[in-house]
Amino acid sequence: MSDHWFTIEKIDRNTFAISEYKHWEETHCYLLCGEKRAILIDTGLGVSNIREIVDSLTRLPVMAVATHVHWDHIGGHKYFANIAVHEAEKEWLSAGFPIPLQAVKENLTRLPCDFPADFDVNAYQIFQGMPQKILYDGDSLNLGGREIQVIHTPGHSPGHCCFYEPEQRYLYSGDLIYKGSLDAFYPSTDPWLFYQSIRRIRKYRINKILPGHHSLDIPVSLIADIEAGFAKLAGEGELRRGNGVFAFPNFQIHI
């Protein structure tokens, strides 16, 4: 199912991927519905109204939950009154994003894109607002008959979180695990923390990875492959920010 901008894919009876395949970032958001409430993991670029899609899929009260406070994951937060973010990035959301607006706009329009007709890049703003809930490592989000665990996985950003669903063994991996360029080159990133977060994720029993970008069809073995890539760079003394892009099968590490 798709509208002009979003593509909706059903992961299971109560889980939906809402994707922005028309943009080069191919951002994914995930709607998880329980018996009493729902969460939307990330809200995408904010160039089209994701709330309309969510409302077409559920009538439950929805909380927007961020894997991290980067512009391409919080763009649709403006459509939600109930927002949750990790404690380390509360200030990014409420006081100011660490990347200038002009740099974000340049990133948004880096490649040609068939944006929605009513989208005006000149009017684009990075979302700012006060979160209603602060997330901490080990928190549990109870949706009514469905539990989601918060795993703090810093490296790509200070407050990056993955979300784990023990019953289904789903890992919503944000920008920690996906097929593409894994970024740890910004001033606010830390390649060593990124490596440690991947090592931590390896300890979980995972049946399915639901990533923040690009292909949805990725093997769980990609986690071990990425860990091995980081281990190789660490062993060679290369795991320092500013060292460039290192290519591996199915992913790159940009530090």
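In helix α4 (residues 101–108), the buried residues are V104, K105, N107 and L108; buried means under 20% relative accessible area with a 1.4 Å probe, protein chains only. These residues lie on the same side of α4, because they cover an arc of only 160 degrees around the axis, taken from the directions from the helix axis to the C-beta atoms. The model is predicted, so local features need pLDDT of at least 70 and side-chain atom pairs count only at pLDDT 80 or more, while totals for chains, interfaces and linings use all residues. Residues are numbered from 1 along each chain as its sequence is written, and side-chain values use heavy atoms, leaving out hydrogens and water.

**Helix α4**
- The buried residues of α4 pack against α2 (71–74), where contact means heavy atoms within 4.5 Å.

**Helix α6**
- The buried residues of α6 are L222, I223, I226, E227, G229, F230 and L233.
- They are on the same side of α6, because their arc around the axis is only 155 degrees.
- Their packing partners include α5 (191–201), β11 (170–174) and β14 (245–248).
- Just after α6, G237 has a positive phi of about 70 degrees.

**E20**
- E20 is in strand β2 (residues 15–20); strands are DSSP runs of E, at least two residues, and helices are runs of H or I, at least four, numbered from the N terminus.
- E20 is buried yet has no salt bridge, that is, a side-chain nitrogen of Lys or Arg within 4 Å of a carboxyl oxygen of Asp or Glu.
- K78, the nearest side chain of opposite charge, is 9.9 Å away from E20; Lys and Arg count as positive, Asp and Glu as negative, and His and the chain ends are not counted.

How values were computed: Buried < 20%, exposed > 50% of the residue type's maximum accessible area, 1.4 Å probe, protein only.
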